[in-house]
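Please open the model in your viewer and keep the selection tool ready.

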Amino acid sequence: MKDQYKERIEQLLSKMTLEEKVGQLKQCGPSLVGAFEVSFEELLDMMFDGKISHDEFERLMSTATQDYHEEELRSGRIGSYNGISDAKTANRLQKLAVEETRLGIPLLFGYDVIHGFETVTPIPLAESCAWEPKLWEKTARMAAEEATAGGVHMTFAPMVDVAKDARWGRISEGAGEDPLLNACYGAAKVRGFQGDDLTKPDAMIACVKHFAGYGAAESGKDYNRVDMSMQRLWEEYLPGYQACIKAGARAVMPAFNDINGTPCTANHWLLKDILRKKWGFGGVTVSDANAIAELTEHGIAEDLAEAAKKALLAGTEIDMTSNVYAEYLPELIQSKNVKEDVLDEAVFHVLHLKFEAGLFEHPYRTDEVCKQHTLLGKEYRETAREAAAKSMVLLKNTGILPLKKEMKLGIFGSLAADRAEMTGAWSIKAEPGNCISIIDACKTRRISYEYHPGTFADSADKKAIDEIAKQSDVLLVAVGEQKNESGEAASRADITLPLEQLRLVNELQATGRPVIAVLFNGRPLALQPLEEKASAILEAWHPGTEAGNAVMDILYGDINPSGKLTTTFPYTSGQCPIYYAHMNTGRPGGKSKFTSKYLDTPLEPLYPFGYGLSYTEYTYSDLTVQVQKDGFRVSVQVKNTGSRDGDEIIQCYVRDINAQRARPVKELKAFEKRTITAGQTIIQEFIIPYQTLGYYDQEMNYIIEPGTFKFYVGGNVKNVLECEAEYQN
Ligand code: BGC
């Protein structure tokens, strides 16, 4: 097919100086000048590290003078920005680019719109627990509508890094441990962000990240090495990114980590051989922040000039904030150390994307978006509330939930009143004041309650807590993590609840009143001590703007909980990484001594993958599998045996029981969320194409072997019906 932009781009390229070309690869953030002489990224870091509060961050952002490097911009030496999210600034800078640079090439504005913009939806890990691609797409569309009104053209999302280790803080940013779920989630996000036409003013380019395998960081420590077999990389880690490319994502971010010794930023095999040649990707690659410069730290570049050369030759195009290309590429090219063609190819991709996004025709698009959409509007809030409730997972319920209106609540824990903490990691644009806490929701619902933050500063606290507990029918305790305890650079070796929180739970339980725990956190936690004490546990994650309302919707039964875990919850931190799709070993864990297990911890997780309770119950029966021309037809009956209507997430897993290479004990192959009314029985059918049952052999050939496959269908990975069928080639 003819490339409609090729000619115009080539004409433009022929007019560009070396500096202007390199400029197109330069992405910078505004630097703050004044009292705080740090970059936007450093300031963000300080907020995430808890060195400054969110309020302080906002204050500095609004008062400090921002240096947008306008002189460089005017001379055509900046092609894009990261970190600008207000239309006024974006349009002002765009005007400089379009009207005052020699060639008038428009700028591209990127921003981390990870789970919402002004209206914040649940963190991705939470939202994945809704198992609902339509919802994932809808919230991405909403984020795009809001962010484009703020001048943003590209989001650095979705993150589809399969994450099997709860210690890794960034597990919060993706769809959990399963490749299929990450692929479905990522593709839905790309569709939602980009919409059906990139030239529309509210379309937002998706930059898929972090390519590749970032979620497999050794020991769950952020940025750490990734060392894995090619088979595993292809079977478990690459499908998510590939699904996003197939869905049309126009940008890709190479990951910080190395894979088997080669940092992704300088990984030709990954960025050229797989991404461009094998998958046919024609968009742009954008380095992770400062990642090109960091090639020296990896120890694969002697100096920054070599880092620039290696990254560009490998296929990293836009340099996010390290400034290494701008400093070293002109000289590298002039001295013929790097061929200009390589630079031209990268610039071609950048200009192409700018054309595709319609930026040459409509460089200022924010007014149009604003006319169509109201930021933080009623509809957006409703969607955020729906998404939050659908993301929550009921982990335990002895029968105390749903609550009755007349019950008096004792509410404890600072997270119950803290609006800012509700938005979770990567919600930089969120205004804490716009969030609804549990306490806010209680007020709106006119619930009779008393609140204590649950800290034990002195004996008066204990007395007050006991007093409130005595006067209450049920005790609601909000525990978990602050938002800066998950996300980037927030790995934890110990993922149990802090002692202070456990003490609070113990004290409350000792009063004899039923304790309901609401968890706000960004990763799976080791919850055994809580599980022993609480009568009910609701995993609310970091739910976003409508947090409190959604929690109350579930606790009072206005909404029947339906979320199911997309990540395994261990008993103890020491079980990490723990995930359902493991191999069996030659000695599967059991009672006898010489089997694969721990001496001091159960073999099983505390809550398995796919798990989540409802206020009704479902019974599975009549599982059958038929061999059809192009796939297995799996059929199962599911009956709602309770007295409430509900949404059940039906999961289908497969095991290849005899293969050339050992295969996982179960792999998710299909899922469907179905509404089942009280007493109703539904039939759910899945077609599992044979093509999806293969794996990579020793020589990296994808093979689908004839033989017996086991099928498991149920409401979580553990409680399943099973049957077998033969695949004959
Ligand atoms: C993160 C990316 C993010 C980038 C830009 C980096 O530190 O790893 O995920 O998109 O910053 O803000």
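This is a predicted model: local features need pLDDT of at least 70, side-chain atom pairs count only at pLDDT 80 or more; totals for chains, interfaces and linings use all residues.

Residues are numbered from 1 along each chain as its sequence is written, and side-chain values use heavy atoms, with hydrogens and water left out.

Select Q24, G76, I78, T101 and I105, which lie nearest the centre of the largest cavity among its 15 lining residues (those with an atom within 4 Å of a point). This cavity holds about 110 Å³ of space, a volume being the space filled by probe spheres set on the points.

Next select G151, H153, P363, R365 and T366, the closest to the centre of the second largest cavity out of 13 lining residues. Its volume is about 70 Å³, and helix 6 (residues 87–100) gives the most to its lining, with 3 residues (helices are DSSP runs of H or I, at least four residues, numbered from the N terminus).

**Two helices**

Now select helix 17 (residues 378–391) and helix 22 (residues 547–555), whose axes (lines fitted to C-alpha atoms over the stretch in contact) come within 8 Å and cross at roughly 50°. The contact (heavy atoms within 4.5 Å) is made by R385, A388 and A389 of helix 17 and by N549, A550, D553 and I554 of helix 22.

Notes
Axes are lines fitted to C-alpha atoms, for helices over the stretch in contact, and angles run from 0 to 180 degrees between N-to-C directions. Helices (H or I, at least four residues) and strands (E, at least two) are DSSP runs, numbered from the N terminus. On a 1 Å grid over the protein atoms alone, a cavity is a set of points where a 1.4 Å probe fits but cannot get out, and a pocket is an open set with protein on both sides within 12 Å along at least five of seven lines; lining residues have an atom within 4 Å of a point.
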